[in-house]
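I opened this notebook to record what I looked up in one structure. The entries follow in the order in which I made them.

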Amino acid sequence: MSAVMWDRFQFGFTVTFHYLFPQLTMGLALIIVLFKWLALRHGDPKLNDAARFFARLFGLNFVMGVVTGIPLEFQFGTNWAGFADRSGGVVGMTLAMEGMFAFFAESAFLGLFLFGEERLGQRKHLMSAVMVFAGSWLSGYFIVATNAFMQHPVGYAMMADGRLRLAHPLIYLFNRWAFWEYAHTMSAAVITGAFAVSSVAAWWILSASFPKHGISCLKVVIPLAFAACLLQLFPTGDRQGKLVARYQPGALAGMEGRFKTESNADLIIIGQPDPSRRRLENPIAVPRVLSYLAYGSFGHKVTGLDDVPGADQPDNVVLLYYAYHIMVGLGTLFIAIMGAAAWLLLRRRLESCQPMLWLLMLAFPFPFIATTAGWLSAELGRQPWVVWGVQRTANSASPAVSSGDAAFTSLGFLGLYSVLFVLFLFLLGRELRHGPVERATGREEAQ
C-alpha cells in the first residue's frame, strides 16, 4: 500500500477503536441523568443504585476514550501535516474548544458525581450528573462540527498561499450539515447506551441476581431506545440523506451501488456491486422510492457514478456500499427489537419473556457495529476529498512519512490497543460481577 493508504488505515483503525468508548459514554450520560432524576422524583433507591453503577462504567469508558483519543490529535501533525497546514486554521477552533471547555467540564463533574454523593447531597449530585451530560454532549458537538466542515465546508476564506482561514466563526459553528449529523450521531449514542443498559438489566433478571433493579432499568431505557431508533430513521437519517444527495451525489451513488444516472430511481434493499462491470448484481429494489427519499419526487433524476468525474468518485465503492447497507439494515432491526420490547413492557410481560430478555442481553454489540458502518459510509463517501471540494486526501498526508513508517506505527497501534482492550474487558468484567449493590446486604431481596 502507498503511504497515504497506510495513513488512512491507521487513522481509520484508531478512530474506530476510540469511538467505541465516547458513543457509549454520551448515551450513558443521558441515561444516568434520567435514572438519578427519577430516583429523586419517585424515591426509588434501585434507580439511584443503577445511576451509581452505570456511572462507574461511564468512568471506565471515559478513561479509555481519553487514552485512545490522544493519538488522534497527534496524527494530524505526524501523518496528516498537509491537512493541518492548510485547514488547521479552521478546524483548530472546534478541536481546541472541545479540549479546553467540554472535556474539562466533563472530567471535573464526573469526579464529583462518582465520589461526591454524600458531601453534595442528592440535588447537587443530580446537578453534577447533568453537567457531565452537558460536557459530553458539547464535546460531541465540537467534534461533529469539525467533521461537518470536512463534509460541507462553510465559513472559511482561502488565503493567497492556499491556506484556509476562519472567516465566519458562527457560520462554521452552525453549519447546517453539523446540525443533522449531530442529531443523527447523538440518537445513535443513545441507542448504544440503551442497548448496553438493556443488556445488563436483562442479565440481572435472567440470572436472578438483581431482578428488581433490572426491571426498573428496562422501564426507563426501553421507551428511550425505541424513541431514539425512530429518530435515527426520521427525521435525522432522512435529512442527513437529503444533504448527501444534494451536496455529495457521488457519495449517494456509491452508497446505493448506482452506476447509471436514472429518473424514477429504485431503492436498493440488497445486491452485490460489481465495479468492473459497472452494475449491481441480483438487486432487490423498491421501485422509485430512492428518487422520493432523496429529492421528494418519485420521478426525480438520481445521479449515478457515470455522471461523476473519475477523479471525484469514491475509491472503494464496494466497501462504501456494504457499510451503508449494514448501517441501514441494523437500524431497521433495532426498531423491530425495541418496538417488540416496548410492546411487551406495555403489556407487563417483558420480565417473564425469556426469549426477549436473551435477545436484549446478546444484542449489545450491534449498535457498535452500526455506528462503525455509519462512520465508514460518511468517510468513504467523502473520498477522494479530505475537505469536500477544497482539499484532496492525496495532498493532505505528510510527505516525510513513508509507507514503511506508517505501516510500522500502525502495527504498533494494533498491538497497544489489543493490550488496552484486554485490560478494559478485565476491569469491565469486575464491575459487572460487582453489580449495583453489595449482594451480602440482601438489599435486593428486601426491596
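The entries below cover conventions, the cores, selected helices, single residues and backbone geometry.

**Conventions.** I am working with a predicted model, in which local features need pLDDT of at least 70 and side-chain atom pairs count only at pLDDT 80 or more, while totals for chains, interfaces and linings use all residues. Residues are numbered from 1 along each chain as its sequence is written, and side-chain values use heavy atoms, with hydrogens and water left out.

**Cores.** I looked up the nonpolar cores, each a set of buried Ala, Val, Leu, Ile, Met, Phe, Trp, Tyr and Cys residues joined through side-chain atoms within 4.5 Å. Buried means under 20% relative accessible area, exposed over 50%, and partly exposed in between (1.4 Å probe, protein chains only). The largest core has 98 residues, and I32, F35, F54, L218 and L360 have the most contacts inside it. Helix α7 (residues 176–206) gives the most to this core, with 17 residues; helices (H or I, at least four residues) and strands (E, at least two) are DSSP runs numbered from the N terminus. A second, separate core of 13 residues includes V90, F149, Y172 and V387.

**Helix α14.** I noted that α14 (residues 403–434) has 32 residues and reaches 46 Å from first to last C-alpha, close to the expected 46 Å; the expected span is 1.5 Å times one less than the number of residues. Its buried residues, among them A406, F413 and L420, pack against α1 (3–42) and α2 (45–78). Contact here means heavy atoms within 4.5 Å. The axes of α2 and α14 come within 9 Å and cross at roughly 170°; axes are lines fitted to C-alpha atoms, for helices over the stretch in contact, and angles run from 0 to 180 degrees between N-to-C directions. The two helices α2 and α14 are therefore roughly antiparallel, a label for angles over 145 degrees, whereas those under 35 count as roughly parallel, 65 to 115 as roughly perpendicular and the rest as oblique. Just after α14, G435 takes a positive phi of about 80°.

**Helix α9.** I found seven of the eight residues of α9 buried, so this helix is largely enclosed by the rest of the structure. The cover over its buried residues includes α8, β3 (267–274), β4 (279–286) and α11 (317–346). G257 follows α9 and has a positive phi near 60°.

**Q248.** I located Q248 in the loop between α8 (211–247) and α9 (249–256). At 2% relative accessibility, Q248 counts as buried. Its side chain makes a polar contact with that of Q151 at 3.0 Å; such a contact is a pair of N or O atoms within 3.5 Å, where within protein one must be able to donate a hydrogen and the other to accept it, and residues adjacent in sequence count only if both atoms are side-chain atoms.

**I222.** I placed I222 in helix α8, where its 0% relative accessibility counts as buried. I222 and F35 are 187 residues apart in sequence and 13 Å apart in space, C-alpha to C-alpha.

**Backbone.** I recorded a cis peptide bond between F234 and P235, with omega about 5°, and another between Q383 and P384, with omega about 10°. A208, which is not a glycine, has a positive phi of about 60°; at 55% relative accessibility A208 counts as exposed. N264, also not a glycine, has a positive phi of about 50° and counts as partly exposed at 37%.
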